[in-house]
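Please consult the sequence and structure shown here alongside the text.

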Amino acid sequence: MKDAPPNRTRATRQVWLGAAYDLFVTEGIEAVKIMTLAKKLNLTRTGFYWHFKELSELHDAIIDIWQTRNTGIMLERCAAPAQSLCAALFNLIDCWIDHDLFDAPLDLAIRNWARSDPKLQALVDLSDRTRLVAVEKIFERYGKTGDAAHYRALIVILTQTGYYSMHVSEPCLQRAIAGCQYVEIFAGEAPSQLEVDAFLDRYS
């Protein structure tokens with residue numbers, strides 16, 4: 001007599017979404033298929049339809065995660081209260097170091113996907129403009145206006161994008177030490193020793 005197959009309990013929406021996220025950031029959107037996810041989870045594809053009407057709805061959920069986890073968090077960090085320009089930039093640079101604040105692999109995967117999806121590319125372009133404006137406002141709050149704010153903000157954004165697009169991997173403390181140098185360059189002034197110490201303490 002053959003053994004009975006193991007029971008397959010109905011997975012939650014979050015379980016399906018988590019599996020889709022893992023596939024997406026490692027293999028790209030082409031790998032995110034219902035049968036692939038079902039096999040990965042040892043579930044039937046029928047279970048997928050308890051939570052999503054179709055695959056495109058799952059795709060939209062991944063995009064929602066990106067908008068909340070990355071663009072949303074960046075906007076929050078840019079708007080966070082700070083006593084000086086350098087302190088405000090340190091708040092933003094936390095996103096470069098703390099993976100709970102900014103998901104670099106997800107950002108890169110979204111950008112790769114957008115190359116073949118004009119609708120998503122338009123959303124990425126809008127997000128990039130929104131992020132840039134938020135960083136510009138940091139500089140504007142502390143007296144840098146016009147081109148001075150715009151190009152400083154652009155350098156901030158491109159530096160971070162360059163880090164993850166080049167897959168730079170550093171220990172958190174090493175990245176934080178580098179962040180102190182970046183803040184001085186971006187701001188055009190040196191952070192105080194108290195600001196440097198407080199920032200480095202987050203990663204010591």
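The chain contains 10 helices and 0 strands, where helices (H or I, at least four residues) and strands (E, at least two) are DSSP runs numbered from the N terminus. Its pattern along the sequence reads α-α-α-α-α-α-α-α-α-α. This is a predicted model, in which local features need pLDDT of at least 70 and side-chain atom pairs count only at pLDDT 80 or more, whereas totals for chains, interfaces and linings use all residues. Residues are numbered from 1 along each chain as its sequence is written, and side-chain values use heavy atoms, with hydrogens and water left out.

**Overall dimensions and packing**

- The C-alpha trace of the chain spans about 75 × 40 × 30 Å along its principal axes.
- Of the 204 residues in the chain, 44% are buried; buried means under 20% relative accessible area, exposed over 50%, and partly exposed in between (1.4 Å probe, protein chains only).
- Among the contacts in the chain with a separation of 6 or more, 66% are made by residues 24 or more positions apart, a contact being heavy atoms within 4.5 Å.
- The chain exposes about 11,600 Å², of which carbon and sulfur atoms supply 56%; accessible areas come from the Shrake-Rupley method with a 1.4 Å probe, and for residues only the protein chains shown count as cover.

**Annotated regions**

- An unreviewed UniProt entry places the feature "domain: HTH tetR-type" at residues 10-70; UniProt positions are given in the numbering used here, feature names are shortened, and annotations may be inferred rather than shown by experiment.
- Residues 10-70 are 70% helix and 0% strand, and the end C-alpha atoms of this span lie 30 Å apart.
- The unreviewed UniProt entry also places the feature "DNA-binding region" at residues 33-52.
- Over residues 33-52 the chain is 60% helix and 0% strand, with the end C-alpha atoms 13 Å apart.
- T44 is found in the loop between α2 (34-41) and α3 (45-48), and T44 is partly exposed at a relative accessible area of 38%.
- T44 and I34 are 10 residues apart in sequence, and their C-alpha atoms are 9.3 Å apart in space.

**Helix α5**

- Helix α5 (residues 85-97) has 13 residues and reaches 19 Å from its first C-alpha to its last, close to the 18 Å expected at 1.5 Å a residue; the expected span is 1.5 Å times one less than the number of residues.
- A bend of about 25 degrees occurs in α5 at N91, the bend being the angle between axes fitted to the seven residues ending there and the seven starting there.
- Helix α5 is mostly covered, as 13 of its 13 residues are buried.

**Salt bridges between segments**

- A search of the whole structure finds 8 salt bridges, each defined as a side-chain nitrogen of Lys or Arg within 4 Å of a carboxyl oxygen of Asp or Glu.
- R13 forms a salt bridge with E57, with the closest N and O atoms 3.9 Å apart.
- R13 lies in helix α1 (residues 13-27) and E57 in helix α4 (residues 55-79), so this pair ties together parts that are 44 residues apart in sequence.
- R13 is partly exposed at 35% relative accessibility, and E57 is partly exposed with a relative accessible area of 25%.
- The side chains of R77 and D94 meet in a salt bridge at 2.5 Å, N to O.
- Because R77 lies in helix α4 and D94 in helix α5, the pair ties together parts that are 17 residues apart in sequence.
- R77 counts as partly exposed at 21% relative accessibility, whereas D94 is buried with a relative accessible area of 3%.
- D94 also forms a salt bridge with R202, the closest N and O atoms being 2.4 Å apart.
- The D94 and R202 pair links distant parts of the chain, with D94 in helix α5 and R202 in the segment after α10 (193-201), 108 residues apart.
- R202 is partly exposed, with a relative accessible area of 41%.

**Salt-bridge network around R111**

- Salt bridges that share partners join D107, R111, D128 and R131 into one network.
- R111 is placed in helix α6 (residues 104-114) and is buried, with a relative accessible area of 19%.
- Not counting residues up to four places away in sequence, R111 touches V124, D128, R131 and Y164.
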